[in-house]
Amino acid sequence: MKALQMSKYGIPSEVVKLVDIPEPDHPKPNEVLVAVEFSPINHSEELKIMGRYPILPTSFPAGVGNEGVARILSVGSHVKGLKPGDRVLVPATHYTWRERILLPAAGLFALPAAADSRQLSMLYINPPTAALLLSEYVDLKPGEWVIQNAANSGVGRSVVAIAKSRGLFTVNLVRRPELMEDLTQQGGDVVLMDGPDIASRVAQATSNAKIRLAIDGVAGESTASLSGCLADGGTVVLYSFTSGKPPSGNGVDLIFRNIAIRGMWIYSPLFAGSAKITEGIKLGAQLVAEGKLSVPIAATYPLSSAAAALAHAQKGGKVLFEVSS
């Protein structure tokens, strides 16, 4: 069968190649055999391929792909609650840029049958990340506001949908005006262009709400901008640094207003084995099925067009591999 593998660290479009690998065995009693349908190209996987992520392969060639949705082809004799035709998420322990995978049945659950499988393929990381960001750092109550940058990202859109399901309001900062209307339609309560005087504009848009949580996916100077929008004692939680720069703290906010800057990583030992991750995934699946969570998809490519797909992803926009249909 066909699969993608990386031969060494380097530019993703150059070091990821299509290869033939052996077919999986028939499922054992507690296993299922699945066919991968869609798998996204995530920024974290690009960083891994470039050798710049905390979790790296120890030998080459190495499998690639850290998320995806698959259709069950057959189940082992002891498997309960799953059947051929069900869609499931591939756990992060298995590489997804390949046609078929043999998975342990433990922990798998059927996804909503009528939901868009492309959107389902992006459930394993973003919705649980958003859910944890909203629950683990500040004890928020219904009616409170949360502010975030990178609001158009997969995590950002998940924050909007999950916050709304919990009775929270969101301020969403973007850098391109064409994103504003769509994010508003997706449920963003306030959508603003990031930039100068953002603290005063946020205060005006929220009637001077005391915002206690800021979610940062950009870092650099954006971290200081977010901290300036928070009430005294507020917390900025950094989950990514797409700017490529370290977070910048405002000394006045940190020293005199007791603003805290925290980091969050879903693969941290802090969350290992946490039921809250599964809860976040299931909530994300429900929101996708209800049409309340959707991530714009720039393009889909077959595995045979890996170089083009990875080059496209490096330029921006969410790109998926369509492995089988």
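These are my notebook entries on a predicted model.

**Entry 1: helix α4**

I began with helix α4, residues 126-135. I asked how many of its residues are buried. The count is 9 of the 10, so α4 is largely enclosed by the rest of the structure. I wrote down the buried ones: Asn126, Pro127, Pro128, Thr129, Ala130, Ala131, Leu132, Leu133 and Leu134.

Next I looked up what these residues pack against. Two of the partners are helices, α5 (154-165) and α10 (275-289). The others are the strands β8 (145-148), β11 and β12 (235-238).

**Entry 2: strand β12 and its neighbours**

β12 came up as a partner of α4, and I followed it. In a regular strand, side chains alternate between the two faces of the sheet. I checked this strand residue by residue. Thr235 and Val237 point one way from β12. Val236 and Leu238 point the other way. All of them are buried.

Then I looked at the pairing. β12 pairs with β11 in the parallel sense, over 4 bridges. In that pairing Leu213 stands opposite Thr235 of β12. β12 also pairs with strand β13, residues 260-263, again in the parallel sense and over 4 bridges. Here Leu238 stands opposite Gly263 in β13.

How does the chain get from β12 to β13? It crosses through helix α9, residues 251-256, and this β-α-β crossover is right-handed. I also noted the unit made by β11, helix α8 (residues 221-227) and β12. That β-α-β unit is right-handed as well.

I moved to the loop between α7 (198-205) and β11 (213-216), where Thr206 sits. Is Thr206 buried or exposed? Thr206 has a relative accessible area of 7%, so it counts as buried. Leaving out residues up to four places away in sequence, Thr206 touches Trp145 and Val171.

Ser207 is in this loop too. Ser207 reaches 64% relative accessibility and therefore counts as exposed. Its phi is near 55 degrees, a positive value in a residue other than glycine.

Asn208 also belongs to the loop between α7 and β11. Its phi is positive, about 60 degrees, although Asn208 is not a glycine. Asn208 is exposed, with a relative accessible area of 60%.

I found an open sheet of 3 strands in the order β2-β1-β4, with antiparallel pairing. Its edge strands are β2 (16-20) and β4, and each pairs on one side only. Strand β1, residues 2-6, is joined to β4 by 2 bridges. Met6 stands opposite Ala62 in β4.

I then checked the loop between α2 (43-49) and β4 (62-63), which holds Pro61. A cis peptide bond joins Phe60 and Pro61, with omega about 0 degrees.

**Entry 3: a nonpolar patch**

On the surface I noted a nonpolar patch of Val252, Leu254, Ile255, Phe256 and Ile261. Together they have about 500 Å² of accessible area. Which element gives the largest share? Helix α9 does, with 4 residues. Val252 is in α9. With a relative accessible area of 48%, Val252 is partly exposed.

**Entry 4: salt bridges**

Side chains of opposite charge can pair when their charged atoms come close. The structure holds 18 salt bridges.

Glu136 and Lys276 meet at 2.8 Å, N to O. The pair links distant parts of the chain, 140 residues apart: Glu136 is in the loop between α4 and β8, Lys276 in helix α10. Glu136 is partly exposed, at 31%. Lys276 is also partly exposed, at 39%.

Asp194 and Arg175 meet at 3.7 Å, N to O. Asp194 is in the loop between β10 (190-193) and α7, and Arg175 in the loop between β9 (169-174) and α6 (180-185). Asp194 is buried, with a relative accessible area of 16%, whereas Arg175 is exposed at 55%. Elsewhere, shared partners join Glu23, Glu99 and Arg100 into one network of salt bridges.

Arg100 is partly exposed at 22% relative accessibility. Glu99, at 21%, is partly exposed too.

Terms used
Residues are numbered from 1 along each chain as its sequence is written. This is a predicted model: local features need pLDDT of at least 70, side-chain atom pairs count only at pLDDT 80 or more; totals for chains, interfaces and linings use all residues. Side-chain values use heavy atoms; hydrogens and water are left out. Buried means under 20% relative accessible area, exposed over 50%, partly exposed in between (1.4 Å probe, protein chains only). Contact means heavy atoms within 4.5 Å. Two strands pair if DSSP finds at least two bridges between them. A crossover is right-handed if, with the strands pointing away from the viewer, the path from the first strand over the helix to the second runs clockwise. Patches are made of residues with over 30% relative accessible area and no salt bridge: like charges are joined within 9 Å, nonpolar side chains (Val, Leu, Ile, Met, Phe, Trp, Tyr) within 5 Å. Accessible areas come from the Shrake-Rupley method with a 1.4 Å probe; for residues, only the protein chains shown count as cover. A salt bridge is a side-chain nitrogen of Lys or Arg within 4 Å of a carboxyl oxygen of Asp or Glu.
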